[in-house]
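Have a look at it, and then we'll go through it piece by piece.

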Amino acid sequence: MISDTARRRYQAIVPPHVNDAYTLARWLSGDPADAEDIVQDAALRALNALETANVEQPRAWFLRIVRNTALTWMAKNRSKSLAFAGGADDLAAIEAIDFAADDGSPEAILIAAEDGSACAGRSPRCRRR
C-alpha cells in the first residue's frame, strides 16, 4: 500500500521530469513506443521507492531509475541476435576465425583478425575454405 506521503512526494518529483525521462528512454531504446513503456515502468518503480527513499536531487534520482529500467527492459525484450554493420570483407574475415580454438585469448584473436594474419595460413585459428 502506498502512503499519502509517498503520493505527494511522487507528484512533486516525477511529473516535472517526465519529458526528460522520455527523452532519455527514447535515446537509450531508439524507439518511441518502447520509451513510453520504459517511462511508465520507471514511474511505478519511483512511486514504490518513495516510501523510504531520501531524494536530494529529484531529477537525477528519477533519471537514474529511468536508465536502470531501460537497461533492464531492453535486456528482457530485445532480440539476442546481433546485426553486422560492416562490409563483405569484414564479414569474411570474421567468419574465417575459429573462435573455439584454445590457443589464444579473445584479444589475440581480434588483433589477428584486424591485422589479417589470422587467415594468412600462419595461424591454426583460421579455417581454410
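What follows starts with the overall picture and then moves through some of the helices and their contacts.

## The big picture

First things first: this is a predicted model. The protein has six helices and zero strands, so if you read along the sequence, the pattern is simply α-α-α-α-α-α.

How much of the protein is tucked away? Of its 129 residues, 29% are buried. The accessible surface comes to about 8900 Å², and carbon and sulfur atoms account for 52% of that. As for how the chain meets itself, take the contacts with a separation of 6 or more: 60% of them are between residues 24 or more positions apart.

Helix α1 covers residues 4-13, and its buried residues are A6, Y10 and I13. Those three cover an arc of only 75° around the axis, which puts them on the same side of α1. Turn to the face pointing away from that buried side and you'll find the exposed residues D4, R8, Q11 and A12.

What do the buried residues of α1 pack against? Their partners are α3 (32-49) and α4.

## One salt bridge

How many salt bridges does the protein have? The count comes to one. In it, the side chains of R59 and D20 meet, with 3.0 Å from N to O. R59 sits in helix α4 (residues 58-77) and D20 in helix α2 (residues 18-29), so the pair ties together parts that are 39 residues apart in sequence.

Here's the general idea behind such a pair: side chains of opposite charge can pair when their charged atoms come close.

S29 belongs to helix α2. Is S29 buried or exposed? With a relative accessible area of 8%, S29 is buried. A polar atom of its side chain lies 3.2 Å from the backbone oxygen of D31. Setting aside residues up to four places away in sequence, S29 touches D34, A35, I38, M74 and R78.

D31 turns up again at the start of α3, where one of its side-chain oxygens reaches to within 3.1 Å of the backbone nitrogen of A33. D34 is buried, with a relative accessible area of 16%. Apart from neighbours within four places in sequence, D34 is in contact with S29, W73 and R78.

## Helix α3 end to end

The buried residues of α3 are D34, A35, I38, V39, A42, A43, A46 and L47. What covers them? The cover includes α1, α2 and α4.

Leaving out neighbours within four places in sequence, R45 contacts I65, N68, T69 and T72. With T69 there is a polar contact of 3.4 Å between the two side chains. R45 and I65 are 20 residues apart along the chain, and their C-alpha atoms are separated by 7.5 Å.

## A tryptophan in α4

Last stop: W61, found in helix α4. At 11% relative accessibility, W61 counts as buried. Which residues does W61 touch, once neighbours within four places in sequence are left aside? They are I13, A46, A49, L50, A53 and V55.

I13 is one of the buried residues of α1, and A46 is among the buried residues of α3. W61 and I13 are 48 residues apart in sequence, while their C-alpha atoms are 9.2 Å apart in space.

Methods. Residues numbered from 1 in each chain as written. Predicted model: local features only at pLDDT ≥ 70, side-chain atom pairs only at ≥ 80, totals over all residues. Heavy atoms only, no water. Helix = DSSP H or I, 4+ residues; strand = E, 2+ residues; numbered from the N terminus. Buried < 20%, exposed > 50% of the residue type's maximum accessible area, 1.4 Å probe, protein only. Contact = heavy atoms within 4.5 Å. Areas by Shrake-Rupley, 256 points an atom, 1.4 Å probe, with all protein chains shown as cover. Salt bridge = Lys/Arg side-chain N within 4 Å of Asp/Glu carboxyl O. Arc of directions from axis to C-beta. Polar contact = N/O pair within 3.5 Å; in protein donor to acceptor, adjacent residues only side chain to side chain.
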